[in-house]
Amino acid sequence: MGRQQPAVNRHPAPVTRRCNLSNLFASFGDFEGMTRSLPPRVEAAFWLLTTAFGYYLLAGLSLYATRGADNIAAIWPPSGNFLALLLLMPRRAWWAGFVGMVMASLAANMLAGSSLWMSAA
């Protein structure tokens, strides 16, 4: 009779590795060079629009909620949103965040019925 072949372990023990993003994406192919950042102008435009949209939305809702005799808001959620965005965005894009915040603040106050000078104050 023929020789017996040694038993082959078809299910080897799993290899334990630390879970991180490089290990996760290693199985999907070569991701070297795909972590490029955006050009500075595109990144600035992104942060300007993100800041302006969020600030305008929250400022409009806050002004609508405080319609009353004094028209004073006890809390101002747009400032918290702006602070969170400042912490997330790179320092080189802060100027775009401030420009977006100023534009959105002026627009929200003018939409609520304030004059340009009162909105800027």
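## Exposure in this model

Buried means under 20% relative accessible area, exposed means over 50%, and partly exposed lies in between. Phe46 has a relative accessibility of 42%, so Phe46 counts as partly exposed. The model discussed here is predicted.

## The chain as a whole

The protein chain has 5 helices and 0 strands. Read along the sequence, its pattern is α-α-α-α-α. The chain holds 121 residues, and 22% of them are buried.

The accessible surface of the protein chain comes to about 10200 Å². Carbon and sulfur atoms account for 65% of that surface. Now take the contacts between residues at least 6 apart in sequence. Of these, 59% join residues at least 24 apart.

## Two aromatic pairs

How many aromatic pairs does a search of the whole structure find? The search finds 2. One of them joins Phe46 and Trp47: the ring centres are 5.1 Å apart and the planes stand at 70°, so this pair is edge-to-face. Trp47 has a relative accessible area of 12%, so Trp47 is buried.

Is Phe82 buried or exposed? Phe82 has a relative accessible area of 10%, so Phe82 is buried. Phe98 reaches 37%, so Phe98 is partly exposed.

## Helix H2

Helix H2 covers residues 40–65, 26 residues in total. From first C-alpha to last, H2 reaches 37 Å. That is close to the 38 Å expected at 1.5 Å a residue.

The buried residues of H2 include Glu43, Ala44, Trp47, Leu48 and Tyr55. Ser62 and Leu63 are also buried in H2. What covers the buried residues of H2? The cover includes H3 and H4.

H2 also holds Phe53. At 59% relative accessibility, Phe53 counts as exposed. Phe53, Leu57 and Leu61 form a nonpolar patch on the surface. Together these three have about 340 Å² of accessible area.

## The loop between H2 and H3

Where is Ile72? Ile72 lies in the loop between H2 and H3. Its relative accessibility is 64%, so Ile72 counts as exposed. Ile72 and Ser62 are 10 residues apart in sequence. In space, they are 9.6 Å apart, C-alpha to C-alpha.

## Helix H4 and what follows

H4 has 18 residues. It reaches 26 Å from its first C-alpha to its last, close to the 26 Å expected at 1.5 Å a residue. Several H4 residues are buried, among them Ala96, Gly97, Gly100, Met101 and Ala104. Ser105, Ala108 and Asn109 are buried in H4 as well.

Just after H4 comes Gly113, which takes a positive phi of about 110°.

How values were computed: Residues numbered from 1 in each chain as written. Predicted model: local features only at pLDDT ≥ 70, side-chain atom pairs only at ≥ 80, totals over all residues. Heavy atoms only, no water. Phe/Tyr/Trp six-rings, centres within 6.5 Å; stacked < 30°, edge-to-face > 60°. Buried < 20%, exposed > 50% of the residue type's maximum accessible area, 1.4 Å probe, protein only. Helix = DSSP H or I, 4+ residues; strand = E, 2+ residues; numbered from the N terminus. Expected span 1.5 Å × (residues − 1). Contact = heavy atoms within 4.5 Å. Patch = residues over 30% accessible without salt bridge, like charges linked within 9 Å, V, L, I, M, F, W, Y side chains within 5 Å. Areas by Shrake-Rupley, 256 points an atom, 1.4 Å probe, with all protein chains shown as cover. Salt bridge = Lys/Arg side-chain N within 4 Å of Asp/Glu carboxyl O.
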